[in-house]
Amino acid sequence: MMFTVFTATYNRAYCLEQLYNSLKRQTVKNFDWLIIDDASEDNTEIIVRKWIKEKEIKITYIKNEINGGLQRAINKAYDIAEGEYCLKVDSDDYLLDDAIENLTKWTKEIKSLTKCLGVAGLYLKPDGNILREEQKHGKREDSFFSLPVEYVDVKFYEREQYNLCVDTLETYKVNIRKNYKIPVWKDEKDGPERVAFCDMAEDGYFIRWYKKPIAVVNYQENGMTLNQEKYRLKNPMSQAICFNNYSNYSFVPWKRKIYYASEYIYYLYKGKNFKYLFKAQNVLATILGLPIGIAKILKRRKGKMNV
C-alpha cells in the first residue's frame, strides 16, 4: 500500500460521509483509510462498520475506550500506518477526485531525496477559492502564490517567508515522520503539533509544497482550528514544552528565544508546575526571559493582556 489516509474523529458522524464518498471517487486507489475514533458517543462506529462491509475501499477502524486527544491519535497513526506515505485528512474535510493521483506522481519525484520529508498540496475553501494568507503577510514577490514555479522546497520555519502560514494537506514518509512524536503532557489531551515539525526542520528535513489544490477544507465551529487559544489554555504544560523547545532551536533569533522562554514561564504558571523550570533547554534565554514571564503572569492575571 502506497498511502494511508488517516482521520482522527470525535462525534463527527454527521460529516464523515463526505470524506468517505471522496475517497471512493479517487481516480487512483493505492491507499487505505485509517480511522481512529477517539471515544465518540454518536453513531460513528455504526456507519463506519457499514462502510467496511461495503468493501469499496480498505478501512481500518480503531475506537479508543477513553478520549485521549487528537495529538495522541496522530502519534498512534504513524506507528501503525501500513502505507509508505501517510496524509492526515480531518473528518470535516474531503479530497478532490485526483488527489491520490497527484500525490502518487509527486512522491515519485521526491523518493530519492533523503532530506525531503514529503509533499503537500493546497486546500480549497468551500466557495472554491484557494485557502491562502496573502491578506495577513502581504503580497510579496517571494510569496509562493506569486512565484512562477510549480513547487517550492521549504522547511517548516521558512513557511512565513513564502506566505505558507496556512493549512495545507501534507503527506509524509512514514519511516521518518513516526520518529518525531508530538509532546502531550500526561494529564492533558492536546499538544502542539508544530514541535514535531520544528524538530524535523532542525534535523534538516523539508517539505515540497506544490501549487495545486488537492482537498477542500471546512472548518467547524467546535473544531481545534477555530479554537486554538482555548485549547492552549486547557493544555498549559504541553504549551510549556512547546515554548521550551522553541527557545532552543538553532534557527530561532535570540530575541525570539527570550520571548519564547517568557511564554514557557507563563504556561508553567498556568500549569502550576514550576518544578519543570529545571527542564529548561536554553538556560540563558530562560534566565533572561524570567522577568518578562513574571510580568506577563501579573498583567494577564489582571486581564490587561490577551493570552
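1. **Ground rules.** The model is predicted, so local features need pLDDT of at least 70 and side-chain atom pairs count only at pLDDT 80 or more, while totals for chains, interfaces and linings use all residues. Residues are numbered from 1 along each chain as its sequence is written, and side-chain values use heavy atoms, with hydrogens and water left out.

2. **Salt bridges overall.** Side chains of opposite charge can pair when their charged atoms come close. A salt bridge here is a side-chain nitrogen of Lys or Arg within 4 Å of a carboxyl oxygen of Asp or Glu. The whole structure has 14 of them.

3. **A pair within a helix.** Lys50 and Glu54 form a salt bridge, with 3.6 Å between the closest N and O atoms. Both belong to helix H2 (residues 44–54). They sit 4 residues apart there, so about one helical turn separates them. Helices (H or I, at least four residues) and strands (E, at least two) are DSSP runs, numbered from the N terminus. Lys50 is partly exposed at 43% relative accessible area. Glu54 is partly exposed too, at 36%. The cut-offs are these: buried is under 20% relative accessible area, exposed is over 50%, and partly exposed is in between (1.4 Å probe, protein chains only).

4. **Asp90 and Lys88.** These two residues form another salt bridge. Their closest N and O atoms are 3.2 Å apart. Asp90 is partly exposed, with a relative accessible area of 28%.

5. Arg159 and Glu170 meet through their side chains in a salt bridge, at 3.9 Å from N to O. The pair links distant parts of the chain, 11 residues apart. Arg159 is in the loop between strand E7 (151–154) and strand E8 (169–173), whereas Glu170 is in E8 itself. Arg159 counts as buried at 10% relative accessibility. Glu170 counts as buried at 14%.

6. What surrounds Asp38? Asp38 lies in the loop between strand E2 (31–37) and H2. Asp38 is buried but has no salt bridge. Lys189 has the nearest side chain of opposite charge, 6.7 Å away. For charge, Lys and Arg count as positive and Asp and Glu as negative; His and the chain ends are not counted. The Asp38 side chain does reach the backbone nitrogen of Gly69, at 2.7 Å. Beyond its neighbours within four places in sequence, Asp38 is in contact (heavy atoms within 4.5 Å) with Thr9, Tyr10, Asn64, Ile66, Asn67, Gly68, Gly69 and Leu70.

7. **Lys211 and backbone oxygens.** Lys211 is found in strand E9. Lys211 is partly exposed at 29% relative accessible area. Its side chain reaches the backbone oxygen of Phe144 at 3.0 Å. A polar atom of the Lys211 side chain also lies 2.3 Å from the backbone oxygen of Leu147. Leaving out residues up to four places away in sequence, Lys211 touches Leu122, Phe144, Phe145, Leu147, Val149 and Glu150. Lys211 and Ala120 are 91 residues apart in sequence, yet 8.8 Å apart in space, C-alpha to C-alpha.

8. **The cavity.** The structure holds 1 cavity of 30 Å³ or more. The largest cavity has a volume of about 100 Å³. Its lining has 14 residues, and those closest to its centre are Leu117, Phe156, Tyr172, Phe197 and Ile207. E8, helix H7 (194–202) and strand E9 (206–216) each give two or more residues to this lining. A cavity is a set of points on a 1 Å grid over the protein atoms alone, where a 1.4 Å probe fits but cannot get out; lining residues have an atom within 4 Å of a point. Grid points are joined across faces, edges and corners, and a volume is the space filled by probe spheres set on the points.

9. **Two positive phi angles.** Which residues have a positive phi without being glycine? One is Ala39, at about 65°. Ala39 lies in the loop between E2 and H2 and counts as buried at 15% relative accessibility. Another is Asn163, at about 55°. Asn163 is placed in the loop between E7 and E8 and counts as buried at 0% relative accessibility.

Notes:
Polar contact = N/O pair within 3.5 Å; in protein donor to acceptor, adjacent residues only side chain to side chain. 1 Å grid on protein atoms, 1.4 Å probe; cavity = no way out; pocket = protein on both sides within 12 Å on 5 of 7 lines; lining within 4 Å.
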